[in-house]
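Trainee: Hi! Could you walk me through the charged pairs in this one? I'd like to start there.
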Amino acid sequence: MQIRRWIAALGVGLVATLGLSGSAWSAAPVTGAAFCVTCHDEDDLPDMSKSAHARKTDARTPDCISCHGASETHARKPANLSVRPAPDRVYGKRSILTAEERSAACQSCHDKDSKRALWNGSQHQSGDVACNSCHKIHANSDKALARAAEADLCFTCHKEQRAQANKLSHHPVAEGKMTCSDCHNVHGSAGAKLAKRDSTNATCYTCHAEKRGPFVHQHEPVSDDCATCHNPHGSTIQAMLKVRAPMLCQQCHTPHVAGGVGALSGQAGVTTPAAPGQTALITSISSGKNVVNMWQGRSCLNCHTQIHGSNNPSATNPTPQLMLR
Amino acid sequence: MTNSSVRTFHNVRKTTLALALLAMLAPVCAEEGVQEIGTVTLGVGGLIGSSADKTRLGQYSSLRGSDASKGILGFEYGRRDDEAGTDFLLRATQLVGETHQASLRWTKQGDWKIGAFYDQILRVDPNTVRTALQGAGTTTPQVVASTSGNDFDLRVRRTGVGVSFWKAISDTVSTELSLKTEQKVGSRLFGVGMTCPSLIAKACTGPNNIQTGTALLLLPEPINANHSQIEGRFTYAGEKLRVSFGYYGSFYANQYDALTPSVPGSLYNPVGTLLPLSPGLLSILSQPVALTPDNQAHQFDLTGVYAQSARTQYNFKLSYARAEQHQSFAGAGFTAPAGVTNLGGNVETILAQVGASTRITPKLFVQADLRYEDRDDLTSIARYNVIDTATYTNRALPNTKTRAKAQANYQFTTRIRGTLGAEYELIDRGVYTATSATSGISALRQKTDETKLRADVRATLSEVFSGSIGVESSRRDGSNWLKDNSGTGVTPVSDPYDVTNGFAAGSIFMPTLANRQRDKFKLRFEWQPFESTSVQFSADDGRDSYKSPSQYGLSDTKTSNAAVDVTIAISDAWSLNGYVAQGDQVLHQSRLAGYLMSFKNTNSSAGLGISGRAADKWEVGANVVYMNDRNIYMQGLDTNADPASVALLAGTGGLPDVTIHQTSLTLFGKYQLNDKSSLRLDLIKQRSHLSDWTWGNNGVAFAYADGSTVWQQPDQSALLMRVSYSYRWR
């Protein structure tokens with residue numbers, strides 16, 4: 001609001017001053033952004049007087065023309081046109097500008113930050129997402145900059161992640177303790193899937209540094225990519241696993257446990273005989289590598305507990321290289 | 001002073017400090033060009049329901065006790081000085097209780113920025129442990145064999161503070177620095193297990209009717225660790241060249257070195273009989289478990305952009321990172337191989353990425369990038385591993401990834417734009433450490449390479465209808481499979497089907513290494529039939545098909561998602577939004593002589609919300625979200641299935657479905673008492689039903705050898721209620 005008044009006042013003041021001076025300039029028309037606000041006043045546009053784009057003490061602060069272009073034919077409709085042409089650059093849903101053209105206006109100022117250095121070639125840029133697809137300029141508050149509203153903005157496009165974030169095992173995004181930009185740099189990154197740091201793992205380690213290692217006994221998929229086993233957006237399985245153990249583990253490892261099919265305690269034939277005269281599968285002499293210990297509890301991790309790696313150097317049998325301790 | 005009164009004392013102290021700070025910042029006489037806005041919120045909130053009813057809704061809340069309540073205190077103070085060009089914002093919420101958030105931001109736009117935060121998050125596992133274990137959550141728990149225990153919540157609290165600073169040194173040069181540290185305290189699900197006899201532990205004998213030869217123990221992992229991070233950056237932003245040099249340091253320190261349980265001489269066997277442990281098993285279970293060692297990481301990077309012209313731009317990132325782990329084994333209470341004092345863990349990673357983009361013609365825009373990442377594992381190699389009398393070393397895990405990507409965008413008309421893209425990635429996992437040995441693995445692979453092609457079209461078909469459609473296809477291949485030497489090292493196998501030198505039937509070839517065909521399809525459209533109404537539709541479909549020398553393991557997966565969202569601005573005062581979404585995931589997996597698993601997950605969800613201004617002084621809103629998630633484990637039998645597996649599947653009927661239904665209703669109402677103060681009521685009612693056999697099935701709990709069980713109330717219903725008063729001044 002203030003910036004518009006300031007520009008308008010400056011423009012009007014300039015005209016009045018020149019007029020009083022009797023100079024040949026006294027008939028000069030209002031130009032530049034001062035002319036824009038003669039039509040687009042506070043009744044026409046939302047208040048943005050508190051936004052970063054309205055800071056008069058910052059020499060970089062843009063005016064209307066910085067983003068929308070000189071728009072001469074829009075400002076002064078040629079007499080031979082019945083319909084006033086649109087401004088040189090418009091950003092709404094009806095804009096015919098490409099995403100690059102819309103973003104170029106913003107980048108003329110905002111590409112000096114190292115966090116946006118890798119915008120070109122990034123997933124959002126490649127997917128034709130422009131700055132104004134997420135950011136609201138003519139407003140005092142921008143959803144994209146408010147932690148509480150950010151996830152809802154991202155879910156506008158990322159529907160699969162919206163469903164995952166509501167599952168049982170999830171990061172506290174719905175609770176407002178975390179948001180998408182805690183893990184992602186939406187403006188471009190050297191990491192996979194716009195991970196904030198240079199890899200998925202490096203991003204996870206910013207909160208889960210205990211998994212970084214290295215360890216004496218390593219589990220290769222752990223050091224390779226956390227997303228091999230985990231879905232960080234949410235899962236119905238504890239610890240945000242993509243698939244529950246033992247199935248997850250058996251995608252890579254040969255099973256070594258008796259019981260080639262899944263079965264549970266409380267099922268007929270497992271801990272109790274299926275019928276009179278029959279023997280239950282699990283008895284007092286059954287090995288611990290039984291179907292119940294395989295499919296229930298922590299499954300494979302009931303014994304192979306150090307799934308992310310173990311720093312135990314002990315050479316006493318059973319040595320910990322099988323992630324036992 | 002009891003723990004409860006200590007917490008109350010600290011909460012009162014924090015609240016007093018907050019109020020004092022607020023009083024200090026209370027409005028002063030208005031200065032020219034200075035605007036101040038302050039808000040104070042006071043109230044009370046509670047999570048109504050029994051403790052067992054709220055484990056899912058209260059997962060990230062401190063309100064887990066029955067009908068738990070707490071005060072609400074929050075404030076916000078903002079000061080904007082248009083003449084000086086400065087903004088100050090201090091914000092704090094949830095100052096009472098165990099979860100807090102506070103932040104400060106003080107900036108002179110274009111000149112400097114100062115930030116600070118304080119954050120405390122609590123997570124309580126939705127599962128409750130019922131155990132007689134003494135010292136649960138400590139490094140020296142004492143196992144007690146008993147079928148009657150007490151409830152123990154597994155909770156982890158993170159408390160973090162941080163400061164940041166940014167300064168423009170000149171029009172083109174700036175610098176920034178941020179420091180943060182977080183303390184993590186609590187415990188999480190953990191344990192040990194052993195079954196005898198075992199090739200790796202011949203000293204213990206197996207179970208029989210007079211001894212327990214197998215045991216699983218639930219021992220919560222104790223957590224007390226600090227993680228500190230520092231990041232500094234120096235940036236030059238010229239007209240054409242923008243370059244930034246940065247350092248990142250991460251320092252993890254664990255107060256605990258090992259978990260050493262005290263185990264009794266008798267434990268329950270798998271059928272619940274208390275029997276003496278078999279000889280050898282007690283000493284195995286009593287051995288210390290290594291907890292996470294201290295570690296550090298450092299990274300230097302040079303990131304930048306060169307704008308050759310308005311049409312052509314290059315970007316780049318070069319970085320060097322080093323991850324270290326040198327915790328003393330003896331200091332942690334462990335005995336290492338002779339001559340070894342610590343792991344000597346050192347992993348160095350070099351990253352080089354360059355990208356170029358250029359507008360060749362007004363309609364044609366192309367971009368390409370090349371990424372090279374080399375992770376060199378320089379960790380010392382030593383003979384840590386013993387199986388029977390054979391010894392072998394740990395294994396280095398180097399990894400080199402090279403990726404090249406190119407894309408062309410063509411603007412067919414002002415309304416239609418097409419994209420073609422191609423990508424190639426090569427991963428080299430390095431030569432297998434010859435002195436190490438695999439275990440439980442059929443095959444490894446040194447190299448994989450994947451080629452991806454992508455095409456999509458976006459169109460604005462009219463002023464009210466726009467959409468996009470995209471397809472993607474990739475194929476992965478790799479080097480020869482590597483077979484375990486039945487000792488140390490591996491050997492490449494040129495013909496995996498070879499009867500003598502190939503792989504045995506039943507071998508598993510990892511989906512991360514196997515040949516794979518991946519295909520994806522995406523469809524989106526947005527329709528705005530009226531100015532006030534917007535309809536959005538999205539659909540994705542993806543399939544992975546794995547080709548390996550074996551029919552066992554993971555053979556294929558498929559996911560599909562579809563969602564419809566509608567937003568309606570009913571009037572200037574009211575808006576309505578709703579959505580319906582469906583997601584399906586299917587995977588097929590099998591094991592030799594065992595199951596043929598067809599797993600299916602179906603997730604259906606819907607939401608409906610309305611909000612608006614009911615009268616001059618009333619703002620109200622309601623939102624209801626429903627979710628239904630079903631996991632189906634359909635088992636068939638491999639043609640080689642043994643009679644025991646056949647009988648087991650016939651007798652049990654297979655694995656039951658795992659399901660969760662959840663409905664959440666959120667209501668809010670805000671009444672403006674006058675232009676400065678308002679009253680607000682928030683209600684969240686959540687009902688959920690979980691049917692999951694992980695910790696029990698058909699009334700039979702999964703029990704540990706000491707009688708510990710884990711449980712979660714299947715049907716839960718809880719109400720979160722908050723009443724707050726806000727006073728706002730300018």
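Predicted model: local features only at pLDDT ≥ 70, side-chain atom pairs only at ≥ 80, totals over all residues.

Trainee: Okay, pick one for me. What does A:Arg244 pair with?

Mentor: Its salt-bridge partner is B:Asp692, and the closest N and O atoms are 3.4 Å apart. A:Arg244 sits in the loop between helix 11 (220–224) and helix 12 (291–295) of chain A, while B:Asp692 is in the loop between strand 36 (677–691) and strand 37 (696–697) of chain B, so this pair joins two chains.

Trainee: Is A:Arg244 buried or exposed?

Mentor: A:Arg244 counts as buried, because its relative accessibility is 6% and the cut-off for buried is under 20%. B:Asp692, on the other hand, is partly exposed at 29%.

Trainee: Nice. And which residue does B:Asp151 bridge to?

Mentor: That would be B:Arg130, with 2.7 Å between the closest N and O atoms. B:Asp151 belongs to strand 6 (residues 150–168) and B:Arg130 to strand 5 (residues 112–131), both in chain B, so the bridge ties together parts 21 residues apart in sequence. Both ends are partly exposed: B:Asp151 has a relative accessible area of 44%, and B:Arg130 comes to 35%.

Trainee: What about B:Arg524, where is its partner?

Mentor: B:Arg524 forms a salt bridge with B:Asp540, at 3.1 Å between the closest N and O atoms. B:Arg524 lies in strand 29 (residues 515–530) of chain B and B:Asp540 in strand 30 (residues 533–547) of chain B, 16 residues apart. B:Arg524 is partly exposed, at 26% relative accessibility.

Trainee: Which residues are joined into one network by salt bridges that share partners?

Mentor: From chain A there are A:Glu100 and A:Asp128, and from chain B there are B:Arg359, B:Arg417, B:Arg454, B:Asp456 and B:Arg458.

Trainee: Changing topic: how many helices and strands does chain B have?

Mentor: Chain B has 3 helices and 40 strands. Its C-alpha trace spans about 85 × 75 × 55 Å along the principal axes, and 46% of its 730 residues are buried.

Trainee: Last one, back to charges: how many positive and negative side chains are in chain B?

Mentor: There are 70 positive and 66 negative ones, and the centres of the two sets lie 1 Å apart.

Notes:
Residues numbered from 1 in each chain as written. Chains lettered and ligands numbered in written order. Heavy atoms only, no water. Salt bridge = Lys/Arg side-chain N within 4 Å of Asp/Glu carboxyl O. Helix = DSSP H or I, 4+ residues; strand = E, 2+ residues; numbered from the N terminus. Buried < 20%, exposed > 50% of the residue type's maximum accessible area, 1.4 Å probe, protein only. Lys, Arg positive; Asp, Glu negative; His and termini not counted. Charge placed at Lys NZ, Arg CZ, Asp CG, Glu CD.
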